[in-house]
Amino acid sequence: MKKNAMKAKLLAGQAAFGVTVLFPAPQIVEMIGRLGFDWVLIDCEHGSLSPESVEQMVMAAEVGGITPIVRPASNSPDTILRLMDRGAMGVQVPHVNTAGEARQVVEAVKYHPLGKRGLAIGTRAAGYGYDLPAAQYVEVANRETLVCIQLEEEAALANLDELLAVPGVDIFFVGPSDLSQSMGLPGRTDSPEVRAAMQKAFASIVAAGKIAGCAGNTQATRRYLNQGVHYLYTHLTTLLASASREYLDTVKQEID
């Protein structure tokens, strides 16, 4: 298992920028790395991805020199195990509302004594058993893997102090879209109420000495950075839309 460069960057107090991809596209993942991003979020919650395609995209991330993080469809230890064994360097788990649920994520990602992840030395994550002895691999995996939990419901924000106290959670990600829905304002992520709730959560996370995360376009990312958020990504569709508009607006001026 290689060193998690993105996790090291975050622990050093620096921001790390990623892109989320929802469909099987190893080449896109490799391009994201070559374009200078730090990491990729391989999205199995909203995307059309199988464990096999996740494995190929993880391999592409390694070729591109970026950290592969996978979002499972749910907080299921069995699901998380299959994704981690494909070689993912961590998970971003949706809809974590309680300290017990957060501990379950940590236990699914980490081996004993930090967790309960099933150990199979012949997996791709373990280098098929070729790279390190099992005991040494366990130590490296427990150190390098990353745990991110998504706080995207009012219940999670109400339990934030308890969540922040759970050992082994690296990133506390505040999800704008589902939070807006939980607050009765579906899709209105720029409403004063949603923005205020997010800003309060970011302040609590940073004050506790933890790493805050969020996602958005360029404008939103600038705002999050000013609020102390360092784990950041944008959507592939957002990048395509932004670059396409810039290109078409520019070239069409030549023919008008």
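**Reading one residue, then its surroundings**

Reply: Let us begin with Gln 92, which is found in strand E4, residues 90–93, and keep in mind throughout that the model is a predicted one.

Me: Is Gln 92 buried or exposed?

Reply: Burial is judged from relative accessible area, and the cut-off for calling a residue buried is under 20%. Gln 92 has 0% relative accessibility, so it counts as buried.

Me: With which side chains does the side chain of Gln 92 make a polar contact?

Reply: The side chain of Gln 92 makes a polar contact with the side chain of Gln 150 at 2.7 Å, and another with the side chain of Tyr 231, also listed at 2.7 Å. If neighbours within four places in sequence are left aside, the residues in contact with Gln 92 include Trp 39, Leu 41, Ile 69, Cys 148, Phe 173 and Tyr 233.

Me: Where is Glu 45 found, and why does it count as buried?

Reply: Glu 45 is found in the loop between strand E2 (39–43) and helix H3 (51–64). Its relative accessibility is 19%, and because the cut-off is under 20%, Glu 45 counts as buried. The side chain of Glu 45 makes a polar contact with the side chain of His 46 at 3.4 Å, while its contacts beyond four places in sequence are with Arg 71, Pro 72, Ala 73, Pro 94 and His 95. Separation along the chain can also be set beside separation in space: Glu 45 and Ser 74 are 29 residues apart in sequence and 7.1 Å apart from C-alpha to C-alpha.

Me: What does the side chain of Lys 7 reach?

Reply: Lys 7 is found in helix H1, residues 5–11, and its side chain reaches the backbone oxygen of Arg 143 at 2.8 Å. Lys 7 counts as buried because its relative accessibility is 9%. Leaving aside neighbours within four places in sequence, Lys 7 is in contact with several residues, among them Lys 110, Glu 144, Leu 146 and Asp 170.

Me: How should I read a pair of helices, and at what angle do the axes of H4 and H5 cross?

Reply: Two packed helices are described by the angle between their axes and by the distance between those axes. Here the axes of helix H4 (residues 77–85) and helix H5 (residues 99–109) come within 9 Å and cross at roughly 35°, and the crossing is right-handed. Pro 77, Ile 80 and Met 84 in H4 meet Gln 104, Ala 108 and Val 109 in H5. By class, this contact has five nonpolar residues, one polar residue and no charged residues.

Me: Which residues of H4 are buried, and what covers them?

Reply: The buried residues of H4 are Ile 80, Leu 83, Met 84 and Asp 85, and their cover includes H3, strand E3 (67–71), E4 and H5. Just after H4, Gly 87 takes a positive phi of about 115°.

Me: How many helices and strands are there in the protein, and what does the radius of gyration say about its overall form?

Reply: The protein has twelve helices and eight strands. A compact globule with 256 residues would have a radius of gyration near 18 Å, and the protein has 18 Å, so the two agree. The C-alpha trace spans about 65 × 45 × 30 Å along its principal axes, and 47% of the 256 residues count as buried. Among contacts between residues at least 6 apart in sequence, 62% join residues at least 24 apart.

Methods: Residues are numbered from 1 along each chain as its sequence is written. This is a predicted model: local features need pLDDT of at least 70, side-chain atom pairs count only at pLDDT 80 or more; totals for chains, interfaces and linings use all residues. Side-chain values use heavy atoms; hydrogens and water are left out. Axes are lines fitted to C-alpha atoms, for helices over the stretch in contact, and angles run from 0 to 180 degrees between N-to-C directions. Helices (H or I, at least four residues) and strands (E, at least two) are DSSP runs, numbered from the N terminus. A crossing is left-handed if the near helix is turned anticlockwise from the far one by less than a right angle, and right-handed if clockwise. Contact means heavy atoms within 4.5 Å. Ala, Val, Leu, Ile, Met, Phe, Trp, Tyr, Cys and Pro count as nonpolar, Asp, Glu, Lys and Arg as charged, and the others, Gly among them, as polar. Buried means under 20% relative accessible area, exposed over 50%, partly exposed in between (1.4 Å probe, protein chains only). A polar contact is a pair of N or O atoms within 3.5 Å; within protein, one must be able to donate a hydrogen and the other to accept it, and residues adjacent in sequence count only if both atoms are side-chain atoms. The radius of gyration is taken over C-alpha atoms; the globule rule is 2.2 Å times the number of residues to the power 0.38.
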